[in-house]
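Thanks for passing this one along.

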Amino acid sequence: LGLVGRTFTLDVQEAGVDTLVVHYDNDCGIAGTDTVLIRVGMPTVDLGPDTAICSTGHLVLDAGSDGVDWAWQNGAGQPLGYQRTLDVTGPGTYTVAVTNAGGCTATDAITVTSFPSTFQFSLGPDRTVCPGPPVPVTLHAPPVDALAYHWINGASTDSMTINSLWPSAWLTITDLDGCTYTDTLLLVREDTAAFAVDLGPDAAVCPGQVWPLDAGSCAGCTYHWHDGSTAHGFTAFGPGTYSVEVISACHAHATDAVTLTAAPAPALDLGPDQLLCPFAPFTLDPGLTGVTYHWEDGSTAPTHVVDSPDLYWVTVMSNAGCSATDSLEVSTCTGIAGTTDGGAVRVQPNPANEGFRLTIVGRAQGPVELLDALGRVVRSSPLVQDIAGAHADVATDRLANGAYVVRLREREDITVRVVVAH
């Protein structure tokens, strides 16, 4: 260039690579030469043509060395990294922006697809190896379209024989697309001396409870239950003794039995539906001990106060885990009127405190009887004829609170429920 001075400016008109040689000397007479490589223009980046990879493989994308900064992103614009290379393990579109030392940036993109492979194979279940001298074990590749086989021992055929002392074996198959798939099979050495079966301890079962039994699952084992069934599991539907014999692949025998006894369900009884009279709440008491309680409102006390009409229920559970549930409907007691043979029957007041009057429109014969919940006659009053028909006054002042039935002795088809509440 022939330029002289401490600084100078180059006007670059074309892209390319040039070498600048600088000669210098200082006041001390020391001279020297330096060379600067100048790159001019956009960086070069080429990820190659679109391609496909195996579902089990990967692809390394290289953005090249013609830059100092790299920025990768996927097709959704999400950043993937800021290094020169990117390891791709799945399909998608990948873009890289390369920036060189001069601040110039160039981009390239590549679309990677995955081979539509449905290739699958298996060497089968793990093998059980019996104690004793080693024996040959031959493994076969499954009948699939394969380009190459590679066994653990280096064999490249569709079968391989190894020693039974080997702990495992694997096979890698390369399919027609060049994709590789591997499966491993374990050789499990059976300890016949420790071979055993355990159905668990004896237990108590609740009414209707299903009790699953499991003799364990081992490769090559056969099972013989008391009823002749041969699955490794058995479902017990009630009390009894259940036994199984298990024979291993190496002909070791093991037996076990379990006895299930019946655990009774709690004898829960809340009684019949009841009436709730004004200002007369009552308490539900199942009277069971050794159980836990769960009432309809979430409470857990042994008793439950009824102070409003509703459906009341409780579930109790015994120490053996057996449960029972019962419920009753509580209704509000009101005056009751009924008709029979065209005649009206009325009880007032109902609920009764000191007593009530039963009125019948039309003629009827007495006496009037008041029966308790057990059907016992607790009051008897004569019918008095009047202009409208007949009536009877019944005293209830000494009766316990509760529901009673009024009936005519001569006409048992006439019955009325009455409630006594003091």
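Which cysteine does a disulfide join to Cys 54? The partner is Cys 179, with an S to S distance of 1.8 Å.

Before the details: this is a predicted model, where local features need pLDDT of at least 70 and side-chain atom pairs count only at pLDDT 80 or more, while totals for chains, interfaces and linings use all residues. Residues are numbered from 1 along each chain as its sequence is written, and side-chain values use heavy atoms, with hydrogens and water left out.

1. Cys 54 and Cys 179. A disulfide here is a pair of cysteine sulfur atoms within 2.5 Å, and the count comes to 4. The torsion about this S-S bond is about -90°, so the link is left-handed. It ties together distant parts of the chain, 125 residues apart: Cys 54 lies in the loop between β3 and β4 (59–62), and Cys 179 in the loop between β14 (168–174) and β15 (180–189). Strands are DSSP runs (E, at least two residues), numbered from the N terminus. Both cysteines are buried (under 20% relative accessible area; exposed is over 50%, partly exposed in between, with a 1.4 Å probe and protein chains only).

2. Cys 130 and Cys 250. Their sulfur atoms are 2.0 Å apart, and the link is left-handed too, with -100° about the S-S bond. Cys 130 is partly exposed at 34%, whereas Cys 250 is buried at 14%.

3. Cys 218 and Cys 221. This disulfide has an S to S distance of 1.7 Å and a torsion of about -120°, so again it is left-handed. Cys 218 is partly exposed at 29%; Cys 221 is buried at 13%.

4. Ser 248. You'll find this residue in the loop between β20 (240–247) and β21 (253–262), buried at 4% relative accessible area. Leaving aside neighbours within four places in sequence, Ser 248 is in contact (heavy atoms within 4.5 Å) with Glu 190, Phe 195, Gly 220 and Cys 221.

5. Aromatic pairs. Rings of Phe, Tyr and Trp (its six-membered ring) pair if their centres lie within 6.5 Å; planes under 30 degrees apart count as stacked, over 60 as edge-to-face and the rest as tilted. The whole structure has 3 such pairs. Trp 225 and Phe 234 are stacked, because their centres are 5.2 Å apart and their planes at 25°.
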